[in-house]
Amino acid sequence: MSMQRAVMLGAVSATIFGVSEVAAAEPRAPFPEHATLDAVGGSPAKGAYVLSAQGGWPFSFLRAQVGLSDRITLQSELESAVGRRYRPMLGIGVRLADAEHVRLTGEFLAGWLFQRSEEVRRGPNGELRFRLAIPVRRFVPYLVIGTRHAFLPDLLTIERASGTETSWSVRHEWTPWATLGLGFAISRGIGLDLGINYGWVGAPETIALPGVHLGLHFGGER
């Protein structure tokens with residue numbers, strides 16, 4: 001009987017030791033794919049979606065992403081600057097690289113620019129940007145670099161005795177963009193992020209002012 005007990009204890013000990021080794025070898029990241037990573041890193045997987053609301057100064061954002069495939073994402077976005085400048089956009093994101101601790105995404109969006117100020121600005125707008133995310137457990141440090149281009153038509157009207165003359169011209173407005181931030185996964189479907197934005201509107205003739213934002217993200221699967 002004592003021999004049987006010894007054999008049983010040895011088998012149990014070996015099983016526990018083996019499970020402990022497997023658990024130690026597994027990554028400790030509780031959410032390898034979660035809403036915060038999809039929000040700040042871009043390009044959720046096929047069938048997944050993420051909704052983001054980022055409020056700050058001077059820029060605030062509403063963004064939605066839906067995975068069409070494991071690499072391509074449909075995106076919609078609305079950006080506001082101090083309640084005077086709006087950019088509704090629609091585009092696609094492509095997951096360019098994906099590893100355990102690195103995600104690189106390229107995004108192209110097109111839309112329209114509306115600005116209410118002393119000088120009304122309206123015109124087509126496009127943006128190309130890249131997102132680099134480095135997920136570490138629940139935390140996701142990330143970097144966004146982009147270039148924005150708006151084309152603003154102007155109508156010039158000249159009143160003469162012989163009649164009215166009109167002519168059109170188009171101005172180009174360039175906005176280089178950068179965001180450095182940190183995301184945090186509260187759960188698989190809910191997360192936060194805090195970031196510093198650097199948008200140089202009308203570069204290089206103007207002066208760029210840095211800003212900050214706090215984001216809330218919800219995600220899941222269809």
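A patch here is built from residues with over 30% relative accessible area and no salt bridge, where like charges are joined within 9 Å and nonpolar side chains (Val, Leu, Ile, Met, Phe, Trp, Tyr) within 5 Å. The areas come from the Shrake-Rupley method with a 1.4 Å probe, and for residues only the protein chains shown count as cover. Keep in mind that this is a predicted model, so local features need pLDDT of at least 70 and side-chain atom pairs count only at pLDDT 80 or more, while totals for chains, interfaces and linings use all residues. Residues are numbered from 1 along each chain as its sequence is written, and side-chain values use heavy atoms, with hydrogens and water left out.

Leu 68, Ile 72, Leu 74, Leu 90, Ile 92, Leu 96, Phe 108, Leu 128 and Phe 130 make a nonpolar surface patch of about 790 Å². Strands S3 (72-81), S4 (85-98) and S6 (121-133) are the elements that give two or more residues to it. Strands (E, at least two residues) and helices (H or I, at least four) are DSSP runs, numbered from the N terminus. S4 supplies the largest share of the patch, three residues.

Ile 72 belongs to strand S3. With a relative accessible area of 35%, Ile 72 is partly exposed; that label covers what falls between buried (under 20%) and exposed (over 50%), using a 1.4 Å probe and protein chains only.

**Charged pairs**

Side chains of opposite charge can pair when their charged atoms come close. Counting a salt bridge as a side-chain nitrogen of Lys or Arg within 4 Å of a carboxyl oxygen of Asp or Glu, a search of the whole structure finds 16 of them. Here are some of them:

| Pair | N to O distance |
|---|---|
| Arg 103 and Asp 38 | 2.9 Å |
| Arg 87 and Glu 79 | 3.4 Å |
| Glu 107 and Arg 129 | 2.5 Å |

Glu 107 in strand S5 and Arg 129 in strand S6 link distant parts of the chain, 22 residues apart. Glu 107 counts as buried because its relative accessibility is 2%, and Arg 129 counts as buried at 2% too. Shared partners join Arg 63, Glu 77, Glu 79, Arg 87, Glu 107, Glu 127, Arg 129, Arg 131 and Arg 148 into one salt-bridge network. Within the Arg 87 pair, both Arg 87 and Glu 79 are buried. Arg 103 and Asp 38 are both buried as well.

**Rings**

How many aromatic pairs does a search of the whole structure find? It finds three, taking rings of Phe, Tyr and Trp (its six-membered ring) with centres within 6.5 Å, and calling planes under 30 degrees apart stacked, over 60 edge-to-face and the rest tilted. Phe 61 and Trp 177 are edge-to-face, 6.1 Å centre to centre with 85° between the planes. Phe 61 sits in strand S2 (residues 59-67) and Trp 177 in strand S8 (residues 163-185), 116 residues apart. Both of these residues, Phe 61 and Trp 177, are buried.

Phe 139 and Phe 184 form a tilted pair, because their centres are 5.1 Å apart and their planes at 50°. Phe 139 is in strand S7 (residues 139-160) and Phe 184 in strand S8, so the pair ties together parts that are 45 residues apart in sequence. Phe 139 is partly exposed at 42% relative accessible area, and Phe 184 is partly exposed at 29%.

Phe 59, Phe 61 and Trp 177 form one aromatic cluster. Arg 148 lies over the face of Trp 177, at 4.0 Å from the ring centre; a charge sits over a ring if NZ of Lys or CZ of Arg is within 6 Å of the ring centre and within 35 degrees of the ring normal.
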